[in-house]
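Dear colleague,

Please find the structure handed over below.

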Number of protein chains: 2
Amino acid sequence: MIQNSLAEIRKIINDEIDATLPVPETKEARLIEAMRYSSIGTGKVLRPLLAVTVGDLMRLERQTAIRIGLAIELLHTYSLIHDDLPAMDNDPMRRGKPSNHIQFDEATAILAGDALQTKAFEVLLDPKTHEDPSIRADLAMALAKAAGAEGMAGGQMMDLVGEKEPLNLDEIERMQSLKTGALLHFSCVAPAIAVRADKPVIDALTHYAKALGLMFQITDDILDVEGNAEMVGKTLHKDSDAHKSTFVSILGLQKAKELAKSLRIQGKEALSIFGDRAAELSEILDFILERKK
Amino acid sequence: MIQNSLAEIRKIINDEIDATLPVPETKEARLIEAMRYSSIGTGKVLRPLLAVTVGDLMRLERQTAIRIGLAIELLHTYSLIHDDLPAMDNDPMRRGKPSNHIQFDEATAILAGDALQTKAFEVLLDPKTHEDPSIRADLAMALAKAAGAEGMAGGQMMDLVGEKEPLNLDEIERMQSLKTGALLHFSCVAPAIAVRADKPVIDALTHYAKALGLMFQITDDILDVEGNAEMVGKTLHKDSDAHKSTFVSILGLQKAKELAKSLRIQGKEALSIFGDRAAELSEILDFILERKK
């Protein structure tokens, strides 16, 4: 059951963050408290689950897979903290509790996001992640490409532009492939990088990640319209309130749901080269399609 | 002449940034424009000059030293963009022109800073920086330590705390050693990491960097009180207006100047193991002590 796997990974990641971010007794303690506040908790750790599940498929050392998951979760948390800022989505609620800038203040939230990004690179580059420095360098480089202007940050910029001028379907697809897709792709491919997998393996994981990422965003748009705010744990109807173009606003609810289903099929087809060994990756597709939060 | 070296390095770094950050034709172009706006220009590139000068002393390949300098300048620019935000120092002017969030907007400025940080790691991890991936990993790890919660971001947090409660001299010294000292230290030590220099060499450069970093902050505090705003290119009297404790507010102008002079002597002593070959590093100490901006 994916829910059980998520709960198990959540506990492991919380323990890892706790060990990685000890609170010092000096005056900057507030920064580390803010970093911990948003990263330790109940967030659904889908990305670390993907890293660990692909890691198992690749027969990667568990510790390496978990540290890849840790780095991803720190980086993802940085992006959430900054996205919630008043100048960005201005969202007071995240994961069922006050957003970082509400709990602390804007300056601290900006800095906490900044330092979480740095820490994600530090985690990957630490010898604890992998004994081979060339693999550490490759992992960190792949994270940089996923997170930066040609990845997540570029997608966030497109999203902001989309508040002022409507995006068409191709642009929305590209926006999401950068904003959320790039880090999901890293989550699936990083464990393969860590075992220096062959190109067919990397390609299959890339196709899987692309289908999963697009499906994830479409189901996110559907939840924004149909979901239960308390269950989802964040403010809903944000996109329609902000007059943003989404998959649902362009395709309509019915066609968006059909597209999500066909992406599940594409995702499963991509896994075929792994046979039965990819059962849990296949289940993750079902889980995302059927999620209520 | 340091002024000539700075002008030469400025031109090289501008060209490198131009090549590293091409503006795409897609909707996120605004992000890259904002990244270029604050990083290409007339900033004094002291940190890249240190990297290149130490690089020459270490007989490091010029290209590696320049790419270290490029990464430092991108990271430094990210910190300036975020420091200037309304929630932080709320400074509308930087390097003689409107701050990033004034020229663009707050959301774009936050993202531009975020993506500049990412790009700094990408630059170091690129094989163009060094053919040996273990050296690339070591460089990126050292940058992460200098930039994160135990370095620059931690110092910025202490600085924010210092606006609400007075810091004593030890705390101000620690704050500056993190906020500006850590990246200056990286600038001096990274070229030695890149040639796998011996411990005595790293230690000497560390002592030099510490004296230089502290002297840099003290002269900054002095300029904040005595400087000419047009020449310095940023808003002055910020610290006294914000009732921040500074070296000048605690020691007084005269003692602060004496401390800066004694740090110049300490910095030069640290260079003694290099003999005449460190003449330019010695000149940089003079240049910082005597700077008018």
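Predicted model: local features only at pLDDT ≥ 70, side-chain atom pairs only at ≥ 80, totals over all residues.

Residues are numbered from 1 along each chain as its sequence is written, and chains are lettered from A and ligands numbered from 1 in the order in which they are written.

Confidence. The model has an ipTM of 0.96 and a pTM of 0.96.

Contact between the chains. In chain A, 41 residues are in contact with 41 residues of chain B (two residues are in contact if their C-beta atoms, placed from the backbone, lie within 7 Å). On the side of chain A that touches chain B, α2 (29-39), α6 (106-125), α7 (133-147) and α8 (152-161) each supply at least two residues; helices are DSSP runs of H or I with at least four residues, numbered from the N terminus. The most comes from α6(A), with twelve residues. By class, this side of chain A has 24 nonpolar, seven polar and ten charged residues (Ala, Val, Leu, Ile, Met, Phe, Trp, Tyr, Cys and Pro count as nonpolar, Asp, Glu, Lys and Arg as charged, and the others, Gly among them, as polar).

Helix pairs in chain B. Helices α11 (residues 199-226) and α15 (residues 253-270) of chain B have axes that come within 8 Å and cross at roughly 160°. Axes are lines fitted to C-alpha atoms over the stretch in contact, and angles run from 0 to 180 degrees between N-to-C directions. α11(B) and α15(B) are therefore roughly antiparallel (over 145 degrees). Their contact has 15 nonpolar, four polar and three charged residues. Helices α2 (residues 29-39) and α6 (residues 106-125) of chain B pack at about 75°, with their axes 9 Å apart, and are therefore roughly perpendicular (65 to 115 degrees).

One residue. A:A146 lies in helix α7 of chain A. A:A146 counts as buried because it has 23 C-beta neighbours inside 10 Å (the cut-off for buried is 20 or more other C-beta atoms within 10 Å, placed from the backbone). Leaving aside residues up to four places away in sequence, A:A146 touches A:G151, A:M152, A:A182, A:L183, A:H185 and A:F186.

With kind regards

Terms used:
Parallel < 35°, antiparallel > 145°, perpendicular 65-115°, else oblique. Buried ≥ 20, exposed ≤ 12 C-beta atoms within 10 Å, placed from the backbone.
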